[in-house]
Amino acid sequence: MRLHGAGDLRRAAEPRPVPGDGMSLVRVTAVGICGSDLHWFSHGGIGDAQLRRPIVPGHEFAGVVEGGPLHGRRVAVDPAIPCTHCERCREGHGNLCPQVRFAGHGEVDGALQEWIAWPTELLQLLPDGLSDADGAMLEPLGVAIHAFDLGHLRLGGSVAVVGCGPIGLLLVQLAQVAGAARVLAVDRLEHRVAAARRYGADEAVLDTGEDVLDGADTDVVFEVAGNDDAVRTSVRAARPGAGSCSSGSRTRTRPRSPRERPGARV
């Protein structure tokens, strides 16, 4: 499936890719659809990143390796290809590589195709206990875990999750696993509020446009909706001195200021 422009997604028959040195051929078995994929489809880009040529979308995926040392093995795929030689990469922060190439972005075709050639070192073996769909979910789970790490929740603390899409629901579950004493969740859509309850939120409320979490006094707040109203709700839900984290960005291609380098205190 190639995206040719806003709303213009076309099915095409193309030759099977041939993997080069250090790469493997993967038969794609499961692909997630990210909010960024929806932006690409609806608008033909995200911000200043615009469609430059017809591109195959999809960066949350799993598959089975065809040929090579991993032949027949089920894998989850890391969608980001760092340059490996810049300062950020040498420091071990390939996710901050300024030259990173990303599946379904720019010139790199993504996973909405039957076969894809990908660097072998970016293929992660899936254990038998995880399905292919589980493998595709590991990329968004990584986003949620990174956000949770930044939140520094203490055992027995309270958590609010503002936005109950897939990342928000993962954060609800992570908070439970990490020993949160109380998990609040809020969303504007009733089916997402119901999902938050199913996945362990102690209290899940519908955002009716009012200050639904005013006075919630929570220790850590995760803003996972990506809009100004959600930011305001998050601030109002936090107790004085609380932590706040937004997981709206999966990878940052470059630090925004000298103080935002890896390991810096901001």
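A residue is called buried when its relative accessible area is under 20%, exposed when that value is over 50%, and partly exposed in between. In the predicted model described here, Phe41 has a relative accessibility of 35% and therefore counts as partly exposed. Phe41 belongs to helix α1, which covers residues 35-43, and together with Met1, Leu9 and Leu112 it forms a nonpolar patch on the surface, the accessible area of these residues together being about 290 Å².

Gly104 falls in another class, since its relative accessibility is 7% and it therefore counts as buried. The residue is located in the loop that runs between β9 (101-102) and β10 (115-119). When residues up to four places away in sequence are not counted, Gly104 touches Trp40, Ile55, Val56, Pro57, Gly58, Asp109 and Gly110. Asp149, by contrast, is 45 residues from Gly104 along the chain, and the C-alpha atoms of the two are separated by 27 Å.

With regard to the overall fold, the protein contains six helices and 16 strands. Its radius of gyration is 20 Å, which is close to the 18 Å given by the globule rule for 266 residues, so the protein is as compact as a globular protein of that length. The C-alpha trace spans about 60 × 40 × 40 Å along the principal axes. Among the contacts with a separation of 6 or more, 64% are accounted for by residues 24 or more positions apart. The protein exposes about 14,600 Å², of which carbon and sulfur atoms supply 50%, while 41% of its 266 residues count as buried.

In soluble globular proteins, nonpolar side chains tend to be buried together. In the present model, the largest nonpolar core has 26 residues, and the members that touch the most others are Phe148, Val159, Leu171, Ala185, Ala196 and Phe222. Two or more residues of this core are given by each of the helices α3 (132-151), α4 (166-177) and α5 (190-198), and likewise by each of the strands β12 (158-162), β13 (182-187) and β15 (218-223). The greatest contribution to this core comes from α4, which gives seven residues.

Note on methods. Residues are numbered from 1 along each chain as its sequence is written. This is a predicted model: local features need pLDDT of at least 70, side-chain atom pairs count only at pLDDT 80 or more; totals for chains, interfaces and linings use all residues. Side-chain values use heavy atoms; hydrogens and water are left out. Patches are made of residues with over 30% relative accessible area and no salt bridge: like charges are joined within 9 Å, nonpolar side chains (Val, Leu, Ile, Met, Phe, Trp, Tyr) within 5 Å. Accessible areas come from the Shrake-Rupley method with a 1.4 Å probe; for residues, only the protein chains shown count as cover. A salt bridge is a side-chain nitrogen of Lys or Arg within 4 Å of a carboxyl oxygen of Asp or Glu. Helices (H or I, at least four residues) and strands (E, at least two) are DSSP runs, numbered from the N terminus. Buried means under 20% relative accessible area, exposed over 50%, partly exposed in between (1.4 Å probe, protein chains only). Contact means heavy atoms within 4.5 Å. The radius of gyration is taken over C-alpha atoms; the globule rule is 2.2 Å times the number of residues to the power 0.38. A nonpolar core is a set of buried Ala, Val, Leu, Ile, Met, Phe, Trp, Tyr and Cys residues joined through side-chain atoms within 4.5 Å.
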